[in-house]
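Here are some friendly notes to read alongside the model. They go through a few places worth a look, one at a time.

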Amino acid sequence: MNDTTSVKKPALQYGKIAIETPVILAPMAGITNTAFRRLCREFGGGLYVSEMVTSRALVERTEESMRLVSHHPSEEIRSVQLYGVDPKTIADAVTMLVAEDRADHIDLNFGCPVPKVTRKGGGAALPWKQDLFTSIVNAAVKAAGEIPLTIKMRKGIDADHLTYLDAGKAARDAGVTAVALHGRTAADYYSGEADWNSIAKLREALPDMQVLGNGDIWSAGDAIRMMRETGVDGVVVGRGCLGRPWLFGDLQAAFDEYAINPNSNAAITPIQPSLGELADAFKRHGELLVEIFETEEHACRDIRKHVAWYFKGYPVGGEFRANLARVESLAQMDEILGTLDRDAPYPGEEAEGPRGRLGGMKTCALPDKWLTSRELIGDQRLILQEAELSVSGG
């Protein structure tokens with residue numbers, strides 16, 4: 001009798017890299033450092049991408065850029081996201097990463113909506129210039145060689161100037177491994193609801209490559225719903241994991257079930273940490289930060305921004321939050337966390353849902369006459385050189 005047991009195929013295949021849980025941690029400046037990536041990986045599988053680094057800074061080997069592309073030995077897949085506006089500089093940065101064996105996967109960011117970047121033609125504004133976008137992607141793919149290269153982008157500049165379908169096709173033709181789409185335009189910023197219909201349209205337009213969806217994934221249920229509604233190969237999670245590294249445990253459980261039966265409606269019991277378990281995760285985050293920053297003072301300064309996200313919805317009081325937001329050492333952190341009722345249960349919906357940046361719609365700041373042509377005109381190429389700033393994108 002033949003053995004008909006099927007072998008589970010990886011959900012995503014990036015070159016030689018098998019990613020069994022089709023979940024990507026979105027790069028977030030000041031958040032997705034080595035410590036946070038390690039913490040998330042302790043809860044579940046996926047691909048954990050570094051903070052974004054500008055190609056120019058990397059080529060110049062600035063101290064900060066070299067820190068951003070550093071990985072802990074436990075990170076089996078070293079994933080780096082690059083941002084840039086010049087084909088040669090991007091190619092030089094990719095060449096450096098490959099030649100010095102600093103990355104197993106490289107992602108290019110074309111999704112930054114921050115005004116000081118789009119005002120210079122960078123980020124989500126750049127794909128409007130079709131030839132420039134295509135040149136950058138082609139140069140990066142060529143420089144990457146066998147290293148898988150992906151891109152992350154937004155729908156476009158605004159509802160009247162969409163770029164995602166053209167950009168997706170250009171990326172496919174260049175040999176990009178996968179494309180991730182955030183279902184918002186630059187003008188949408190982080191407002192309203194992400195347009196999952198656009199993600200489905202991109203999936204339909206690119207049947208011959210891997211497509212991932214990003215936007216409004218606050219729970220494992222949202223991730224599975226996106227898979228079913230759009231047909232994407234995987235999801236990209238950003239703000240939903242802020243203060244909730246255990247979300248990746250929920251996602252792995254949900255996708256393990258989904259791999260067995262995509263139509264299953266079996267309920268996955270989400271991780272619902274008690275106040276004590278939450279405090280332990282927060283402390284673990286602090287300890288990991290000490291490893292990368294080497295001083296408790298620096299680590300504690302960094303973790304202060306996470307306080308509101310971790311304790312969202314928990315009845316801990318304003319004084320506790322204020323004290324923890326001023327923490328200066330791990331010993332002091334222990335003292336403050338020790339005042340909590342560790343047996344206090346998970347507060348439910350109050351601890352869930354949107355977090356991080358929200359903000360309303362805004363007119364996308366652009367260089368003069370940027371929308372006049374889909375090719376670079378006048379002094380726009382000179383303006384672009386000012387766009388490489390160390391800012392978050394997505």
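1. Let us begin with a histidine. His-285 sits in helix 11; helices here are DSSP runs of H or I with at least four residues, strands are runs of E with at least two, and both are numbered from the N terminus. Because its relative accessibility is 0%, His-285 counts as buried. Buried means under 20% relative accessible area, exposed means over 50%, and partly exposed is in between, with a 1.4 Å probe and protein chains only. Setting aside neighbours within four places in sequence, His-285 is in contact with Phe-36, Leu-39, Ile-303, His-306 and Tyr-310, where contact means heavy atoms within 4.5 Å.

2. A word on the source. This is a predicted model, in which local features need pLDDT of at least 70 and side-chain atom pairs count only at pLDDT 80 or more, while totals for chains, interfaces and linings use all residues. Residues are numbered from 1 along each chain as its sequence is written, and side-chain values use heavy atoms, with hydrogens and water left out.

3. Helix 1 (residues 34-41) is mostly covered, with seven of its eight residues buried.

4. Which residues of helix 8 are buried? They are Trp-196, Ser-198, Ile-199, Leu-202 and Arg-203. These residues cover an arc of only 155° around the axis, so they lie on the same side of helix 8; the arc is that of the directions from the helix axis to the C-beta atoms. The face turned away from this buried side carries the exposed residues Asn-197, Lys-201 and Glu-204. Packed against the buried residues of helix 8 are strand 7 (149-154), helix 7 (164-174), strand 10 (178-182), strand 11 (210-214) and helix 9.

5. Now for two of those partners. Helix 8 (residues 196-205) packs with helix 9 (residues 220-230) at an angle of about 50°, and their axes are 9 Å apart. Axes are lines fitted to C-alpha atoms, for helices over the stretch in contact, and angles run from 0 to 180 degrees between N-to-C directions. Helix 8 and helix 9 are therefore oblique to each other, given that angles under 35 degrees count as roughly parallel, over 145 as roughly antiparallel, 65 to 115 as roughly perpendicular and the rest as oblique. On the helix 8 side, Trp-196, Ile-199, Ala-200 and Arg-203 meet Asp-222, Arg-225, Met-226, Glu-229 and Thr-230 of helix 9.

6. Helix 7 and helix 8 have axes that come within 10 Å and cross at roughly 35°. Here Tyr-164, Leu-165, Gly-168, Lys-169 and Arg-172 of helix 7 meet Ser-198, Lys-201, Leu-202 and Ala-205 of helix 8.

7. Two loop residues deserve a glance at the backbone. Tyr-189, in the loop between strand 10 and helix 8, has a phi near 55°, a positive value in a residue other than glycine. With 12% relative accessibility, Tyr-189 counts as buried. Asp-101 lies in the loop between helix 4 (87-99) and strand 6 (105-110), and its phi is likewise near 55°. Most residues other than glycine have a negative phi.
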